[in-house]
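Please consider the sequence and the three-dimensional structure shown below.

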Amino acid sequence: MAKRPILITGAAGFIGAALVKELLLNGEKVIGIDNLNNYYDVNLKKSRLDNINRLTIANHATWRFEQISINDFKALSDIFESYSPRIVVNLAAQAGVRHSMKFPSDYIQSNIVGFTNLIELCKTNNIENLIYASSSSVYGGNENYPFSEKQSVDHPISLYAATKKSNELIAHTYSHLYGIPSTGLRFFTVYGPWGRPDMAPMIFAKSILSREPISIYNHGEMKRDFTYIDDVTEAIKRCCYQPATSNPNFNKNFPDPSTSFAPHRIFNIGNSNSIPLMEFIKTIEDYLEIKAIKHFMPIQPGDVISTASDNKALESWIGFKPSTSLKIGISKFIDWYKEYYDIN
Ligand SMILES: NC(=O)c1ccc[n+]([C@@H]2O[C@H](COP(=O)([O-])OP(=O)(O)OC[C@H]3O[C@@H](n4cnc5c(N)ncnc54)[C@H](O)[C@@H]3O)[C@@H](O)[C@H]2O)c1
């Protein structure tokens, strides 16, 4: 019998489109859905889909795309009925910490209602494995570096983070009640080719190339564990083939937040190398051979000062951890950026 496909939500997004390619190259049949919303440039989302279509034709790979919202239960239910996926990867979400201050309902709709629709359908459709995007932002006000999955994450400082933490709680509940193996992946600042225009790498590259000032928040006193896209897709792919299991040593008297008596796991996906913001900017300046015009600003509400990932649990689970250096990652990102936007 033919292998059932993998369903990827948010397939026109930065991580989703990269994952679709990775799984198609691995011989999988992939169904992608995305509502193509206009949170950022819709043409970039469409170009990512065109790029997948080109690869599909070249490799005779099996790929279908449907423009639907995970908020629409009926449309989502039709997708499950038509394609009968065996693995579901949920990357569709309203992303962005700052946007959540102005548009809270987008986060409740896509990240809570949409996610619940999806997991309800996983329950009734015999899904072998659910992988879903969480975020390093769930560590909120923690200052115990590097962030480990064993830490409490009960102090979010943005609505975005609160919705991601809610996903972890909902997924755990469904894993317990209905035996759905589910894995939450806390991504740490992902960057690379086909990246997001609302994130620092793209904002900085664009402004530096056009000799416009860049805003540097918290006067540059920030650190991020920048993680290269290919490392992220490799880690997600491996998790697809390794459904969560219950932890036989789970101790209900001393509960470890990263594992459970239910088949639910949580992993960080970061580079284990927290980079000061000013070093990050210098890496872009060096590769472009252009000095940035810097405007130093106070910290923005909802932003965390520093992120750093402990990857030990991920490595022992899938035998892999991100390792691409910032220098290599930035060079690949800038090369793509110049080609895509036709800049010499
Ligand atoms: N990129 C990062 O650094 C990062 C860090 C932490 C967590 N994440 C999470 O990883 C996931 C993917 O992030 P990304 O960087 O690719 O973001 P992205 O915005 O590029 O991709 C998300 C995609 O989901 C789609 N979408 C949004 N709401 C939808 C809905 N209701 N129905 C269907 N499609 C919908 C969007 O159109 C978009 O194409 C998100 O859940 C995000 O919160 C990303």
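**Spaces and the ligand**

The lining of the largest cavity consists of Phe14, Val190, Tyr191, Gly192, Gly195, Arg196, Met199, Pro201, Met202 and Phe333. Strand E7 (190-191) and helix H7 (200-209) are the elements that give two or more residues to this lining. Helices (H or I, at least four residues) and strands (E, at least two) are DSSP runs, numbered from the N terminus. This is a predicted model, in which local features need pLDDT of at least 70, side-chain atom pairs count only at pLDDT 80 or more, and totals for chains, interfaces and linings use all residues. Residues are numbered from 1 along each chain as its sequence is written, and side-chain values use heavy atoms, with hydrogens and water left out.

Rolling a probe the size of a water molecule over the atoms shows where empty space is left. On a 1 Å grid over the protein atoms alone, a cavity is a set of points where a 1.4 Å probe fits but cannot get out, whereas a pocket is an open set with protein on both sides within 12 Å along at least five of seven lines; lining residues have an atom within 4 Å of a point. The structure holds one cavity of 30 Å³ or more, and the volume of the largest cavity is about 40 Å³. A volume is the space filled by probe spheres set on the grid points, which are joined across faces, edges and corners.

The second largest pocket has a volume of about 290 Å³. Its lining comprises 18 residues, of which Leu169, His172, Asp256, Pro257 and Thr259 are the closest to its centre. Helix H6 gives the most to this lining, with four residues.

Which residues come nearest to the ligand? Of the 30 residues around the ligand, they are Asp34, Tyr40, Tyr160, Lys164 and Val190; a residue is near a molecule if one of its heavy atoms lies within 4 Å of it. Strand E5 gives the most to this shell, with three residues.

Several polar contacts, that is, pairs of N or O atoms within 3.5 Å, can be described. A polar side-chain atom of aspartate 34 is 2.6 Å from an oxygen atom of the ligand. For lysine 45, a side-chain N or O atom lies 2.8 Å from a ligand oxygen atom. Valine 190 has a polar backbone atom 2.7 Å from an oxygen atom of the ligand. The ligand taken alone exposes 820 Å², and the protein buries 97% of that; these accessible areas come from the Shrake-Rupley method with a 1.4 Å probe.

How values were computed. A polar contact is a pair of N or O atoms within 3.5 Å; within protein, one must be able to donate a hydrogen and the other to accept it, and residues adjacent in sequence count only if both atoms are side-chain atoms.
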